[in-house]
Amino acid sequence: MFGTTVVCLIAALQILVDNCLGLRLTNMTAPALQDPRRDMELHCRFDMGGEELYAVKWYKDDHEFFRYTPAAAVSITQFPVDGVHVDRQNSRCMPEGCDLLLKELSRPQSSGAYRCEVSSEAPAFRLASQTHNVTVAGEIFYMELNHDVALVVVLIFLLLTNGNLVLQTSSELPEA
Ligand SMILES: *[C@@H]1O[C@H](CO)[C@@H](O)[C@H](O)[C@H]1NC(C)=O
Ligand SMILES: *[C@@H]1O[C@H](CO)[C@@H](O)[C@H](O)[C@H]1NC(C)=O
């Protein structure tokens, strides 16, 4: 009982503190290393702390490529940035978060610093942002990896067949 009360009090205080602090960016995720053959996921979560969301803006290397302004007539605006292609069908922005799916990645154009920037409406006009560096790993790395895997498979096959031959020979020896 007492524990629950304390937890409730702490939760209530937390809500108060959050509201006083206003807008906070709570979690942004982006892959540090990205396979260019797959789509890239970017997540941004925020807590408005009682303020009104004005915009979520996404940047790559300080170039804005996507903007979500829920109050605007056209809530989503995109800007051309080299190496960035947002899959609109599989991207979703809401008042508490914005998730993007980037397709058709290229190397090295899609690599860079991705930033999520959230801002609140008047009168607070608060701004919160977070940045993650993304390296789109080259196909050469994967080709080398596949090449090595193929070599190991061939080696194992050779070893196994050799072993088989040796075993057959040795098992046939006593009968001969
Ligand atoms: C941030 O989001 C990711 C993916 O949605 C999740 O795995 C991670 O636990 C979250 N981190 C925090 C601190 O909430
Ligand atoms: C991203 O990389 C740059 C150098 O390329 C570095 O200065 C910066 O601190 C990095 N940012 C993060 C969030 O890791």
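Visitor: In what order do the strands of the six-strand open sheet lie, and what is their pairing called?
Guide: This is a predicted model. In it the six strands lie in the order E2-E10-E9-E4-E5-E6, and their pairing is mixed.

Visitor: What makes E2 and E6 the edge strands there?
Guide: Each pairs on one side only, and that is what the name refers to: strand E2 covers 33–34 and strand E6 covers 76–78.

Visitor: How do you know that E5 and E6 pair?
Guide: Two strands count as paired with at least two bridges between them. Strand E5 (residues 63–68) is joined to E6 by three bridges, so the two strands pair. They run antiparallel, and Tyr68 stands opposite Ile76 in E6.

Visitor: What is the order in the open sheet of four strands?
Guide: That order is E1-E3-E8-E7, and the pairing is antiparallel. Its edge strands, pairing on one side only, are strand E1 (24–29) and strand E7 (92–94). On average, neighbouring strands of this sheet are turned by 10° against each other, with direction ignored.

Visitor: Why do E1 and E3 count as a pair?
Guide: The requirement is at least two bridges. E1 and strand E3 (residues 40–47) have five bridges in the antiparallel sense, so they meet it. Across this pair, Thr29 stands opposite His43 in E3.

Visitor: How many helices and strands does the protein chain have?
Guide: It has two helices and 10 strands. Along the sequence, the pattern reads α-β-β-β-β-β-β-β-β-β-β-α.

Visitor: What share of the protein chain is buried, and what makes a residue buried?
Guide: A residue is called buried if 20 or more other C-beta atoms lie within 10 Å of its own. Of the 176 residues in the protein chain, 20% are buried.

Visitor: What share of the contacts joins residues at least 24 apart?
Guide: Among contacts between residues at least 6 apart in sequence, the share is 60%.

Visitor: Which residues are around ligand 2?
Guide: They are Ala113, Thr131, His132 and Asn133. To belong there, a residue needs its C-beta atom within 6 Å of the ligand. Strand E10 (residues 127–136) gives the largest share of this shell, three residues.

Visitor: How is the shell around ligand 2 divided by class?
Guide: It has one nonpolar, three polar and no charged residues. Ala counts as nonpolar, so Ala113 is the nonpolar one in this shell.

Methods: Residues are numbered from 1 along each chain as its sequence is written. Chains are lettered from A and ligands numbered from 1 in the order in which they are written. This is a predicted model: local features need pLDDT of at least 70, side-chain atom pairs count only at pLDDT 80 or more; totals for chains, interfaces and linings use all residues. Axes are lines fitted to C-alpha atoms, for helices over the stretch in contact, and angles run from 0 to 180 degrees between N-to-C directions. A residue is buried if 20 or more other C-beta atoms lie within 10 Å of its own, exposed if 12 or fewer, and partly exposed in between; C-beta atoms are placed from the backbone. Two residues are in contact if their C-beta atoms, placed from the backbone, lie within 7 Å.
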